[in-house]
Amino acid sequence: MVENNNKSTSIQKIHEWRDYAEKIQLDANNKILGQEKAIKLIIISLFSRGHVLLEGGVGVGKTTLLQIITKLIGGEYERVEGTVDMMPNDIIYHASINDEGKPHISNGPLLKKGENLSIFFFNEINRARPQVHSLLLRAMAEKSISAFNKDVFLPNMVVFADRNQVEKNETFELPAAARDRFMMEISIQAPEEKELRDAIIFNTQFQNTTKLVGDIPKPKFDCKELNAVCDAIQENIQASDHIKNYVENLWLATENPKKFKIDIKEVDIDDFIVAGSSPRGMIMLIKAAKVNAWLNRRTYIEPIDINEIFHEVMAHRLVINRIYENNKIKHLKDFTNEILLKVSTPELS
């Protein structure tokens with residue numbers, strides 16, 4: 001009886017939070033124009049508790065979007081800029097001289113908000129050295145960091161990071177093992193529609209970022225519940241045997257595309273893939289698909305829940321032959337599209 005009551009409570013809780021998630025998504029779309037897909041994917045990642053790489057040029061609104069999402073979920077936000085001379089300790093503490101001329105140590109960006117830290121944005125992460133990457137990866141994996149002779153816990157933190165993909169000098173690309181720690185890579189691009197471009201350029205509402213974020217009222221829920229909500233979603237959204245077989249074939253297709261007759265223009269498919277998805281990648285795919293099904297008000301996964309997030313979960317973790325690096329983004333988009341096209345979709349019962 002107690003177990004049934006607990007299950008009923010968790011189902012009620014995830015229904016309440018789905019209403020919150022829908023409002024967060026709606027409010028974010030009203031504040032940031034032309035990023036509906038990216039906003040939904042960010043919502044999915046937050047409710048999956050998955051870290052995110054952001055892909056996009058300069059000035060497209062990545063920082064503003066994350067500040068707005070943080071405010072809408074009622075959390076705390078911190079940001080750090082990657083530089084070639086950054087050391088690991090730079091994100092843990094700041095050393096300075098106080099008014100009395102004595103050394104003073106204060107918490108750095110990773111520790112400043114403590115357990116209240118919800119979104120940590122590492123801008124241009126590939127400008128920082130591998131030692132910094134290693135520290136961040138530990139914090140991502142363990143939700144804790146060692147500082148001041150103790151472990152500081154960051155249980156509610158989700159890391160977002162973007163990479164400078166234009167400049168190659170003094171950059172340190174994330175290795176495959178590091179990229180695999182991120183659930184998704186989400187593209188943030190300037191909108192193409194003239195109406196949206198005009199609004200962004202000429203509507204003063206979107207020009208004052210501080211006011212745009214500051215006008216968001218404090219939500220009536222506690223974002224510290226997100227870990228428990230994520231667990232409840234994963235427990236209550238189911239996958240049928242047909243879906244399990246479908247996912248297994250998608251995984252095999254990333255490893256052995258020729259078996260599924262995958263074909264990409266200007267690519268020798270025999271030579272294209274060096275390494276397919278990791279088991280972690282497939283786990284993250286299912287976690288995200290369950291959240292997508294939950295947002296679509298279902299208690300079970302359908303193929304569309306997987307297809308809508310497949311590229312963003314898969315592409316950045318696939319390792320391809322270096323000869324295709326120059327057109328990597330396009331080739332990987334074509335590759336994931338081909339997989340979804342060639343792998344048989346199960347019929348819904």
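Visitor: Which residue stands opposite Phe160 in β8?
Guide: Phe121 does. Before we go on: this is a predicted model, where local features need pLDDT of at least 70 and side-chain atom pairs count only at pLDDT 80 or more, while totals for chains, interfaces and linings use all residues. Residues are numbered from 1 along each chain as its sequence is written, and side-chain values use heavy atoms, with hydrogens and water left out.

Visitor: What makes β5 and β8 a pair?
Guide: Strands pair if DSSP finds at least two bridges between them. β5 (residues 117-123) and β8 (residues 158-162) are joined by four bridges and run parallel, so they pair by that definition. Strands here are DSSP E runs of at least two residues, and helices are H or I runs of at least four, numbered from the N terminus.

Visitor: Why are β2 and β9 called edge strands?
Guide: Take the open five-stranded sheet, in the order β2-β5-β8-β1-β9 with parallel pairing. β2 (76-81) and β9 (184-187) each pair on one side only.

Visitor: How do β6 and β7 run, parallel or antiparallel?
Guide: Antiparallel, with four bridges joining β6 (residues 144-147) to β7 (residues 150-153). Ser146 has Asp151 in β7 as its bridge partner. Two residues sit between the strands of this hairpin, and Phe148 takes a positive phi near 55 degrees.

Visitor: Why is α2 called roughly perpendicular to α11?
Guide: The axes of α2 (residues 36-48) and α11 cross at roughly 115 degrees and come within 9 Å. Roughly perpendicular covers 65 to 115 degrees, so α2 counts as roughly perpendicular to α11. The axes are lines fitted to C-alpha atoms over the stretch in contact, with angles from 0 to 180 degrees between N-to-C directions.

Visitor: Which residues of α2 meet α11?
Guide: Lys40, Ile43, Ile44, Phe47 and Ser48 meet α11 residues including Ala288, Val291 and Trp294, with contact meaning heavy atoms within 4.5 Å.

Visitor: What makes something a nonpolar core?
Guide: Buried Ala, Val, Leu, Ile, Met, Phe, Trp, Tyr and Cys residues joined through side-chain atoms within 4.5 Å, where buried means under 20% relative accessible area (1.4 Å probe, protein chains only). The largest one has 80 residues, and Phe47, Phe160, Phe272, Trp294 and Ile306 touch the most other members. Helix α11 (residues 279-295) gives the largest share, nine residues. Another core of 28 residues lies apart, with Ile91 and Phe182 among them.

How values were computed. Buried means under 20% relative accessible area, exposed over 50%, partly exposed in between (1.4 Å probe, protein chains only). Angles under 35 degrees count as roughly parallel, over 145 as roughly antiparallel, 65 to 115 as roughly perpendicular and the rest as oblique.
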